[in-house]
Amino acid sequence: MRMLTFANRNTKEILRDPLNLAFGLGFPLVLTVLLSAIQANIPVRLFEIQHLTPGITVFGLSFMTLFSATIISKDRGSSLLQRLYTTPLTPVDFILGYTLPIVPIAVAQCVICYITAVILGLEVTVNILYAVIFIIPVSLLYIALGLLCGSVLNDKQVGGICGALLTNLSAWLSSIWFDLALVGGAFQKIAYALPFVHAVEMERAILAGNFTGIFPHIWWVLGYAIIALVAAVSLFLRQMKKQ
Amino acid sequence: MDAIRMEGLTKTYKDVVAVDNLNLSVCKGELFSLLGVNGAGKTTTIKMLSCLTQPTSGDAFLNGKSICKDTAAVKSIIAVSPQETAVAPGLSVRENLELICGVHGFTKDKRNTKITELTKWLGLEAVIKKKAGKLSGGWQRRLSIAMALISQPEILFLDEPTLGLDVLARSELWGIIHSLKGKVTIILTTHYMEEAEALSDRIAIMKDGKLLICDTPDKIKEAAGTDNFEQAFIHIVKGAAK
């Protein structure tokens with residue numbers, strides 16, 4: 001009950017910011033429409049709607065990192081967290097209260113991306129439903145990265161690190177816009193050592209109905225999500241103690 | 001009976017002693033002020049008493065509950081209004097109050113009753129639907145105090161509650177704080193001498209983490225040999241430096 005009250009407050013703070021809606025929803029939709037228009041004129045396999053949409057749904061999650069990091073860093077900066085630390089809320093309430101509200105927002109963003117894709121010609125299959133379900137562990141990874149950044153950075157630094165650096169990493173190292181094999185070498189090795197490209201390839205395999213193709217990508221995603229969550233929780237608790 | 005009893009309360013950060021062996025008692029219903037220049041240890045003392053930071057040594061008991069061993073019980077009887085604005089900016093005034101009611105586990109009926117009571121008493125009705133982030137500094141501070149009071153705390157910590165407010169807003173807040181006297185035990189920190197003198201039953205003056213004097217405003221003036229409280233404060237703090 002206490003945690004839900006806190007989670008409810010966080011949902012309201014996120015959804016009431018028009019910039020969050022504009023970037024979180026508008027940006028992935030604009031990209032889908034724009035790249036589909038390019039594909040219509042200059043056919044590129046990467047931008048075919050069944051290939052593009054899973055990538056866009058994963059890329060859209062970088063905004064979830066921004067949302068979670070921003071709300072935590074702002075709460076820290078305004079002393080609201082200090083006030084709440086003196087209430088009966090427990091550390092578990094705080095962590096769940098910051099994490100859980102963003103999961104349905106991430107799922108809603110994914111659903112809207114797929115609705116747009118269907119309008120643009122994506123075939124309706126049950127695999128879309130599976131792709132939406134499997135976006136949940138990926139969203140936990142991105143939310144945990146936000147929790148981690150929000151625990152150590154102030155809101156201005158969050159804008160730079162999560163808003164610029166992470167969205168770019170997530171874009172360039174994920175094989176959404178170009179085939180990583182075209183660059184190859186160290187760039188490709190680094191990309192495959194990070195979780196972003198694995199998340200995209202997992203979602204592409206699910207949407208294509210190639211369920212054996214989700215391996216080993218799902219292990220990379222889950223592994224990174226667990227590491228990020230553990231690091232985020234320990235850093236959050238550390239800054240809580242530092243109060 | 002004592003609402004707060006500090007026993008050798010000490011906090012050190014590496015080589016710096018922020019609070020040094022503080023032994024103090026505060027009676028139930030008393031308005032007790034902590035005064036001191038910057039770095040005196042006032043905020044650190046409040047942070048320890050409100051379980052935000054652990055003492056390096058010593059302990060304090062709030063209505064008999066230890067801040068070291070029984071933090072959950074302590075948190076259930078206290079409320080803090082921090083120095084900086086501590087409101088949720090995207091929520092309305094009512095939603096901010098609902099948030100605090102919710103985290104304290106109030107029922108819906110109790111929540112509605114308390115919000116109606118408190119908004120009426122603090123004059124927040126006019127801004128109840130406004131977003132907290134859009135309010136002026138004075139209104140935000142008033143909301144901050146309402147958020148601290150709505151959980152019906154037995155002990156209330158007000159850390160620089162009137163800092164940065166204009167004369168009128170400060171005078172209004174003084175009225176609110178004054179009306180709480182006797183009902184709630186209040187620990188107030190402030191830089192304003194006239195505020196401490198006007199509101200407090202007793203005042204503790206601290207410097208470099210040490211307690212210099214603790215008494216009523218009149219007795220402190222008497223001890224310093226002056227009838228001006230600010231002069232008395234300067235005399236005591238400078239005297240300690242020699």
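Leu62(B) sits opposite Lys65(B), the latter in strand E5 of chain B. Keep in mind that this is a predicted model, where local features need pLDDT of at least 70 and side-chain atom pairs count only at pLDDT 80 or more, while totals for chains, interfaces and linings use all residues. Residues are numbered from 1 along each chain as its sequence is written, chains are lettered from A and ligands numbered from 1 in the order in which they are written, and side-chain values use heavy atoms, with hydrogens and water left out.

E4(B), residues 57–62, pairs with E5(B) in the antiparallel sense over two bridges; pairing here takes at least two DSSP bridges between the strands. Strands (E, at least two residues) and helices (H or I, at least four) are DSSP runs, numbered from the N terminus. Zooming out, the open sheet has four strands in the order E2-E1-E4-E5 (chain B), with antiparallel pairing. E2(B) (16–27) and E5(B) (65–66) stand at the edges with a single partner strand each, so one side of each has no neighbour in the sheet.

Helix H1 of chain B (42–49) lies across E1(B) (2–13), E2(B) and E4(B), running at about 115° to E1(B). That angle, on a scale from 0 to 180 degrees, is between N-to-C directions of lines fitted to C-alpha atoms, for helices over the stretch in contact.

Now for the interface. Contact (heavy atoms within 4.5 Å) takes in 30 residues from chain B and 21 residues from chain A. The two chains bury about 2300 Å² between them, 56% of it on carbon and sulfur atoms; buried area is the accessible area (1.4 Å probe) that two parts lose on being put together, summed over both. On the chain B side, Leu52(B), Lys75(B) and Val103(B) lose the most area to chain A, together 27% of what that side buries.

The rule wants a side-chain nitrogen of Lys or Arg within 4 Å of a carboxyl oxygen of Asp or Glu. Here are two examples from the structure:

| Salt bridge | N to O distance |
|---|---|
| Glu95(B) with Lys12(A) | 3.5 Å |
| Arg94(B) with Glu98(B) | 3.1 Å |

Arg94(B) and Glu98(B) are about one helical turn apart because they are four residues apart in helix H3 of chain B.
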